[in-house]
Amino acid sequence: MRIDDHLLRFGFTKSLSETTLYVKVTDSDILVVSLYVDDLLVTGNNARLVEEFKQEMKQDFEMTDLGLMTYFLGMEVKQRQSEVFICQKKYAKEILKKFQMENCKAVNTPMNQKEKLSKEDGSDKVDEGYYRSLIGCLMYLTATRPDILFPVSLLSRFMHCSSEVHLQTAKRVLRYIKGTVNCGVKFTKCQKFELCGFSDSDWAGSMDDLKSTSGYCFSLGSGVFSWCSKKQETVAQSTAEAEFIAATAAVNQALWLKKLLCDLDMKQKNVTEVFVDNQAAIAISHNPVFHGKTKHFNIKLFFVREVQNNGEVTLVYCRSEDQLADLFTKPLPMSRFEVLRQKIGVCSSQSKEEC
């Protein structure tokens with residue numbers, strides 16, 4: 001690729017962890033370039049170097065300087081003195097209009113706490129094309145809306161067997177978006193950027209195959225910037241095993257994020273903590289003979305032990321009420337949902353208060 005060769009010749013180093021990321025470090029200055037097809041973002045700690053880079057690129061490429069980033073790949077970015085707010089307000093409104101829900105009645109949570117979804121629920125089937133289009137739109141919205149990630153992830157499991165129940169649940173997510181259309185994630189200025197994560201699971205949450213759901217999120221001190229909600233590939237035989245599998249996924253993500261931060265000259269000097277609300281899972285990660293029932297997942301067990309012994313990532317116990325990743329594993333009551341939503345940094349662009 002021509003631009004790839006050009007950046008490398010210009011002194012940039014291509015990240016081995018993220019192929020779209022290029023970094024150039026000189027003395028105390030850093031220049032960061034993120035490339036997506038023909039869109040390019042550039043930032044750094046020296047405004048003069050940023051301007052020189054843009055002028056140099058214009059000499060070899062036909063480019064338009066759009067100035068301070070305000071809109072990128074459907075995401076709106078609002079930069080203030082000590083905070084950055086990202087959202088998809090315009091896109092959210094387009095989704096509501098597309099599915100004729102712009103005048104619907106808003107609700108306070110994206111999913112009913114007692115809602116249980118399954119492939120065969122006895123209700124009539126719906127147009128799969130319509131359902132897939134709706135879920136696809138919602139999935140892209142989760143790029144800045146971690147508060148809807150769990151229900152959208154859950155609903156995506158029924159793409160090929162969508163029923164009226166699934167569609168009504170999806171429309172409830174739209175009704176929630178209607179009331180929180182201005183919401184996004186806010187990142188505030190921190191004295192120290194320290195990576196930490198939260199990992200949780202919902203044991204045997206799937207009605208169809210009794211598989212559990214893993215959830216995790218990571219923060220550098222303010223709002224979360226990395227999040228996941230995913231059904232586990234194997235059936236966990238205990239709550240501890242489900243928590244351990246979720247923690248393993250979170251540890252893998254933590255290792256990747258640490259490499260990425262190192263490329264950005266933000267090397268994490270301290271051990272990265274991943275908070276887990278299950279003491280048995282943490283004990284198993286330290287002791288391979290903690291219980292005979294752990295024999296069948298020794299590979300994952302020894303991986304997490306090795307990472308902890310190397311001082312890279314460690315599992316730390318937290319109380320269930322402090323577990324932020326709870327938001328990504330199950331539907332929650334309104335009070336609990338609103339507390340966690342605020343803690344992960346989701347708020348409205350029109351106010352400093354939560355949505």
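**Stop 1: strand β13**

Select Val 316, which sits in strand β13, residues 313-317. The model is a predicted one, so local features are taken up here only at pLDDT of at least 70. How exposed is Val 316? Its relative accessible area is 22%, so Val 316 counts as partly exposed; the buried class would need under 20%.

Now show what surrounds Val 316. Leave out its neighbours within four places in sequence. The contacts that remain are Glu 273, Val 274, Phe 275, Val 276 and Ile 282. Pick Ile 282 from that set and draw a line between C-alpha atoms. Ile 282 is 34 residues from Val 316 along the chain, and the two C-alpha atoms are 7.2 Å apart.

**Stop 2**

Move to Arg 319 and Asp 322. Their side chains form a salt bridge, with N to O at 2.9 Å. Arg 319 has a relative accessible area of 45% and is partly exposed. Asp 322 is partly exposed too, at 28%.

Next, select Asp 200, Asp 326, Lys 330 and Arg 336 together. A network of salt bridges links these four residues. Across the whole structure there are 15 salt bridges.

**Stop 3: the annotated span**

**Stop 4: the loop between β3 and β4**

Zoom in on Val 37. This residue lies in the loop that runs from β3 (29-36) to β4 (39-44). Check the backbone: phi of Val 37 is positive, about 55 degrees, although the residue is not a glycine. Is Val 37 buried or exposed? Its relative accessibility is 68%, so Val 37 counts as exposed.

**Stop 5: Lys 54 and Asp 65**

Select these two side chains. They meet in a salt bridge, 3.0 Å from N to O. Lys 54 is buried, with a relative accessible area of 19%. Asp 65 is partly exposed at 36%.

**Stop 6: the five-stranded sheet**

Switch to cartoon view and find the open sheet. Its five strands run in the order β5-β6-β7-β8-β14, with antiparallel pairing. Which strands form the edges? They are β5 (71-72) and β14 (346-348), each of which pairs on one side only.

Select Tyr 71 and look across: Glu 76 in β6 stands opposite.

Then go on to Arg 80 and Glu 83. Here the side chains meet in a salt bridge of 2.7 Å, N to O. Glu 83 is buried at 14% relative accessibility, while Arg 80 is partly exposed at 43%.

**Stop 7: helix α3**

Select residues 89-98, which make up helix α3. Show side chains for Tyr 91, Ala 92, Ile 95 and Leu 96, which are buried. Turn the view to look down the helix axis. The buried residues of α3 fall within an arc of 140 degrees, so they line one face of the helix. An α-helix has 3.6 residues a turn, so residues three or four places apart point the same way.

What covers this buried face? The cover includes strand β6 (75-79) and the helices α4 (128-141) and α6 (164-179).

**Stop 8: past the end of α3**

Finish at Gln 100, which follows α3 and lies in the loop between α3 and α4. Gln 100 has a relative accessibility of 70%, so it counts as exposed.

Technical notes:
Residues numbered from 1 in each chain as written. Predicted model: local features only at pLDDT ≥ 70, side-chain atom pairs only at ≥ 80, totals over all residues. Heavy atoms only, no water. Buried < 20%, exposed > 50% of the residue type's maximum accessible area, 1.4 Å probe, protein only. Helix = DSSP H or I, 4+ residues; strand = E, 2+ residues; numbered from the N terminus. Arc of directions from axis to C-beta. Contact = heavy atoms within 4.5 Å. Pairing = 2+ DSSP bridges.
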